[in-house]
Amino acid sequence: MPLTGQLERLQALLAQIVPANPFYGSKLPGRVDSLEEFFQTVPFTRKQDLMEDQRRFPPFGSNLTYPLSRYTRFSQTSGTSGMPMRWLDTPESWAWMLDNWEVVFRTAGVEAGDSIFFAFSFGPFLGFWTAFESAVRMGCLAIPGGGMRSTARLRAILDMRAAVLCCTPTYAIHLAEAAAAEGIDLSHSPVRRIIVGGEPGGSIPGTRATMERLWPGARVVDHHGMTEIGPVSYGCPARPGLLHVIERAFIAEIIDPETGVHVPRGDRGELVLTNLGRLGRPLVRYRTGDVVRQSMDDRCACGSSDMALEGGIVGRTDDMVVVRGVNIYPTAVEQIVRGFGEIAEYQAHIGQKGAMTEMHLVIEPRDSVRNAAALVAAVEKALQTAFNLRIPVATAPSGSLPRAELKARR
């Protein structure tokens, strides 16, 4: 969207939350006259700031623009890296998130009347809650898959002719494996779109190819968001592996995580977001921890001028490990492993050997693999080529490595 449109929405946001919001009231100016002024004068918000605020002002913290009686929706983060953050939304803020999900759906080719299966537990984290309600509002048949075993979910998808499947990349792969184990043929599956989130896999070519091979006829569409920031991006319909930030809803910046300075276009950096419509509990210049790289193209092949992120979410600032002087992101490892169709699941193990950080991989070969030693050698060679490191690879018995319905932690 035009920068003037973003500025107008930013000014409306500031007018609402200053001084009404105790968390932001003393930190923000009542008005800014340009985005440049905004970037220069407004401090970053960090996750630790929110966590500390919640500890000081339990149970929800002080980032509330309105009286508590205005809030009708509760969610919380998964808490995989510490205490979960509790999040509240007003009906207006919730509707804003449904608008964002409608962008995701429509660019994926979802239409009114489509059946969408949500392979999601519907717990307290935001997850696909907003996607589900946005689908209902669009006129789709929204099918909840909470509280069901994988085989029951597969039967529901097939029996109800679900055209769209929403889940994590890991779970899409697991469902296909469960189908094979049960003798369910997915070659005639009704699913034509798999919309994934929660993990970077949808923008990783190897993982995307694995999903599309296991679900013949389906196209994988990536998306990303966070409980505390909302639905952020949609998969480019013209270029798989590219995510567009919904810029009518967000001001996006990419900074050097060490200096906080904007990086040159095309360089990797940390994604910083300001949500422009979640007024009840906003986030201003929020350091997401997501590592991204902006495309050099001003206008994408799909016709969108929204900020384009090459390769989607490349990694997390807190997930990167340095192994013998080499920076390694989990997404880079996944891209290599998923290039081997013979691997059902894997884990990366990080440890210390003296002063050095070491890494080894454990892979679970598919039952059809007859020469596991050759597979191990091929994976080790691919890792050596990619990272110029010797990374040992071992095998695990079939079915022994954990599968995740939510975010996989490998």
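Let's start with a pair out of the solvent: Arg287 and Glu270 are both buried. In this predicted model, their side chains come together in a salt bridge, with 2.7 Å from N to O. Arg287 sits in strand β14 (residues 286-293) and Glu270 in strand β13 (residues 268-275), so the contact ties together parts that are 17 residues apart in sequence. Across the whole structure, a search finds 17 salt bridges, and a few of them are worth a visit below.

- Asp290 is buried, with a relative accessible area of 7%, whereas Arg316 is partly exposed at 23%.

- Asp114 forms a salt bridge with Arg192, and their closest N and O atoms are 2.6 Å apart.
- Asp114 belongs to the loop between α5 (91-107) and β3 (115-118), and Arg192 to the loop between α8 (169-181) and β6 (193-196), so this pair ties together parts that are 78 residues apart in sequence.
- Asp114 has a relative accessible area of 12% and is therefore buried, since the cut-off is under 20%.
- Arg192 counts as partly exposed, at 26% relative accessibility.

**A network**
- Asp99, Glu102, Arg106 and Arg137 are joined in a network of salt bridges.

Technical notes. Residues numbered from 1 in each chain as written. Predicted model: local features only at pLDDT ≥ 70, side-chain atom pairs only at ≥ 80, totals over all residues. Heavy atoms only, no water. Salt bridge = Lys/Arg side-chain N within 4 Å of Asp/Glu carboxyl O. Helix = DSSP H or I, 4+ residues; strand = E, 2+ residues; numbered from the N terminus. Buried < 20%, exposed > 50% of the residue type's maximum accessible area, 1.4 Å probe, protein only.
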